[in-house]
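Biologist: I would like to learn how to read side-chain contacts in a model. Where do we begin?

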Amino acid sequence: MSKIIKNALYQGMFQVLSVLLPLITVPIVSHRIGPNGLGLFNYSNSIVNYFVLFAGLGLVSYGVREIAAVRDNLEMMKQTFWELEWFNIVFSLIATVVYIILSFFLSNSWIYHIQLLIMLGTVLDISWFFAGIEDFKLVSLVSIFVKLVSFFLIITYIQSSEDLPFYVMIVSMSSLLSQCVFWPIAIKKVGFRVIPIKKAFRHFRGALSFFTGRIASTVYTNLNKTLLGLLTSVSMVAYFSNSVLIINVIVTMLTTIDTVLLPRMTNMVSKNEENSMILLLKKSIHLELFLTIPMMFGLIAIAPKFVFWFFGVKFLMVEQLLIWMSILLVIIPLSSAVVRQYLMPKGKMKEYNYSMLYSALVSIILDIILIPLIGIFGAVIATLVAEFLVSGIRVYYLVRDTDFNFDYVELVKYLISGILMLITVRFVTNSMVPTMLTTLLQVLLGATSYVLVLILTQSKLLTYFLHILRRKLNG
C-alpha cells in the first residue's frame with residue numbers, strides 16, 4: 001500500500017501541475033492568439049490525432065498490462081519489452097510515412113508539417129514500460145520538467161497570432177522531448193535486442209483489442225472538432241476545445257488514482273486476489289464521487305464569472321458550454337475508474353470495446369445530424385450522450401459480474417451538499433465583479449459549505465477523514 005501512496009503522490013504532483021499550468025497558459029494563448037488561431041490549431045490537431053491513433057495502435061494500455069504481468073521476471077520483462085517496442089516501431093513508422101504524404105495535400109499544410117514532431121514522439125513512446133513497472137516517480141518528474149519548459153516558452157515567446165507556428169512547435173515538441181529522457185534509462189534496464197517480426201506480431205491480437213476501444217474513443221472525442229471546423233468555423237472549434245480543456249484539466253487530476261492502480265490491479269489479478277481488488281475498487285470509486293459531485297456543481301456556480309476574466313470577452317460562449325458539460329466531471333472519472341481498475345486488469349477487453357463502439361457509433365450519428373442543425377450545441381449534446389452511454393455500459397458490466405455496489409445513501413448526501421453549495425455560492429457572490437479573486441472566493445466558499453453540510457449529514461467518508469486527521473494531530 002505504501003508504494004501505491006508514493007506513486008499516487010508522484011502522479012498527484014504531475015496532475016496538479018497539469019491543472020495549474022494550463023490555468024495560466026490557456027488564458028494567455030486565448031487572449032494573444034485569439035479564436036481563429038487557436039481554432040486552427042485545435043482543428044489540425046484533431047486530424048493529427050487520427051494518425052497518432054493508428055501509430056500507437058493499442059500499445060499505451062496494452063503495454064502497461066503486459067509489462068505489469070511479467071515485471072517480477074527480469075528475463076521475461078526484457079523479452080516482452082522488445083517484442084512490444086519492435087511491434088510499435090513498425091506501425092508507427094507506417095503511420096508516419098502516410099501522414100507525411102497526406103500533409104502536403106491539406107490546406108495550411110505548414111501546421112501539419114510542424115506537428116510531425118508529435119508523430120515522432122509516438123514512434124519513440126515507451127511511457128507504458130515505466131507505468132508497467134510502477135516507476136511513476138520517473139514518469140512524473142520527466143513530465144513535470146517538460147511541462148515547465150513548455151510553459152516558460154509559451155508565456156515568454158507567444159505574444160500574438162503571428163506566433164501561432166511557434167506555439168504549435170512548442171506543444172508538438174513536448175511529447176518528443178519526454179521520450180529522449182526515457183530511452184537511456186530504459187536501455188539500462190532492458191538492454192537491446194533484435195526481435196523476429198513473427199514474435200513481435202504475436203501481440204497484434206492483444207493490442208488490437210485495446211486499439212478497438214481507442215479508435216472509438218478518438219473518433220467521438222475528435223470527430224466533433226473536425227466536423228465543427230468543416231461545417232461551421234475554426235472559432236467554434238476554439239470555443240468547444242477550450243470548454244473541453246477545462247473539463248479535461250479537472251478530470252486529469254481526478255483520475256490520478258486510476259493511473260496508479262492499473263498496474264497494481266493487474267498484478268492482483270495475476271495472483272487471484274479478486275476480492276481485495278473489488279474492495280479497493282469500491283473505496284477508490286466512492287472517493288472519486290466524493291470529489292467529482294461537488295466539482296460538478298462548483299463549476300456551474302463559478303462559470304459565469306470565471307469565463308469572463310479567464311478567457312476574455314471573445315470567449316463568452318464558453319460559459320454556456322461549461323454549464324452544460326459540467327456533468328462530465330462525474331461521468332468521465334467514473335467510467336475511467338471502471339476501465340482502469342477492473343476491465344483492463346481483468347482482461348475484459350470485449351466488454352470495454354463494446355462500450356466504446358456503441359458510444360462512438362451514437363456520437364458519430366448525433367454529430368452528423370446535430371452539428372449542421374444547431375452547430376456547437378450539437379457537438380455538446382453528442383459528447384454528453386456518448387459519455388453517459390459509455391459509462392453506463394461499463395458500470396453495468398461491473399455490477400453484473402462482481403459484488404460491487406454503490407452506497408446510495410452517501411451519494412444522496414453528496415448531491416444534497418453539492419446543490420446547497422451551488423445555491424450558496426451563486427447567492428453570496430452574485431453581485432461581485434468577475435475577477436480571479438472572486439473565483440477564488442467562490443471556490444473557498446463552495447468547499448466550506450460542502451464540507452459543513454456533509455458534517456451535518458454525518459457522511460461516512462468525511463467522518464473517516466476527520467478521524468484520521470484527529471489521530472494525526474493528537475500524535
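Modeller: Start with Arg-65, which lies in helix α2 (residues 59-70). Helices (H or I, at least four residues) are DSSP runs, numbered from the N terminus. This is a predicted model: local features need pLDDT of at least 70, side-chain atom pairs count only at pLDDT 80 or more, and totals for chains, interfaces and linings use all residues. Residues are numbered from 1 along each chain as its sequence is written, and side-chain values use heavy atoms, with hydrogens and water left out.

Biologist: Is Arg-65 buried or exposed?

Modeller: Buried means under 20% relative accessible area, exposed over 50%, partly exposed in between (1.4 Å probe, protein chains only). Arg-65 has a relative accessible area of 18%, so Arg-65 is buried.

Biologist: How many salt bridges are there?

Modeller: A salt bridge is a side-chain nitrogen of Lys or Arg within 4 Å of a carboxyl oxygen of Asp or Glu. The count is 6. One of them joins Glu-75 and Arg-193 (2.6 Å, N to O). That pair links distant parts of the chain, 118 residues apart. Glu-75, in helix α3 (residues 74-103), is partly exposed at 46%.

Biologist: What does Arg-202 pair with?

Modeller: Arg-202 forms a salt bridge with Glu-83, the closest N and O atoms being 2.7 Å apart. Arg-202 lies in the loop between α9 and α10 (204-231) and Glu-83 in helix α3, so the pair ties together parts 119 residues apart in sequence. Glu-83 is buried, at 3% relative accessibility.

Biologist: Which residues form a network?

Modeller: Asp-401 forms a salt bridge with Lys-348, at 3.8 Å between the closest N and O atoms. Salt bridges that share partners join Lys-348, Arg-400 and Asp-401 into one network.

Key: Helix = DSSP H or I, 4+ residues; strand = E, 2+ residues; numbered from the N terminus.
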